[in-house]
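Colleague: Hi! Could you walk me through this one?
Modeller: Happy to, here it is.

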Amino acid sequence: MKIPENYLPVMPYLILDKAADFFEYAKTVFNAREQFILPSEDGGIMHGEIKIHDAVIMFANSTDTWKQKPSGMFLFVDNVDSVYAKAIEKGGTELQPPQEKDYGYTAGFEDPFGNQWWLNQG
């Protein structure tokens with residue numbers, strides 16, 4: 001199996017009603033970097049790719065054929081408190097406030113696009 005250099009064997013693919021807004025949110029909250037953006041004819045995003053550290057998340061605007069399909073993701077971060085605070089400040093909803101658990105310092109939130117993010121301090 002040959003996997004292209006910029007990809008991993010498994011990557012989330014989110015179909016979102018507001019893909020461009022998700023892209024901006026991810027850049028602000030996770031310091032995500034643009035890997036590839038293919039605009040659609042109507043000004044949306046036909047296909048987008050961001051990187052958070054080495055992880056790639058693909059996403060696109062929903063259509064009549066492809067309805068919104070948010071997801072849940074687990075993410076290791078350097079600073080749970082900082083990422084969580086930015087997420088809530090930018091419109092995220094608390095699922096679990098930052099706290100110490102058996103498996104580490106963790107928190108959870110839902111972004112304004114319906115995706116759930118579970119943070120753990122790496």
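**Hairpins and surroundings**

Modeller: Strands here are DSSP runs (E, at least two residues), helices are H or I runs of at least four, both numbered from the N terminus. This is a predicted model, where local features need pLDDT of at least 70, side-chain atom pairs count only at pLDDT 80 or more, and totals for chains, interfaces and linings use all residues. Residues are numbered from 1 along each chain as its sequence is written, and side-chain values use heavy atoms, leaving out hydrogens and water.

Colleague: How many bridges join strand 2 to strand 3?
Modeller: Six, and the two strands run antiparallel; pairing takes at least two DSSP bridges. Glu 34 has Ile 50 of strand 3 as its bridge partner.

Colleague: And what about strand 3 and strand 4?
Modeller: Strand 4 (residues 55-61) pairs with strand 3 in the antiparallel sense, over five bridges. They form a hairpin with two residues between them, and His 53 in that turn has a positive phi of about 55°.

Colleague: Why is strand 3 largely enclosed?
Modeller: Because seven of its eight residues are buried (under 20% relative accessible area; exposed is over 50%, partly exposed in between, using a 1.4 Å probe and protein chains only).

Colleague: Switching topic: is Tyr 84 buried or exposed?
Modeller: Tyr 84 is buried, at 8% relative accessible area, and sits in helix 2 (residues 80-89).
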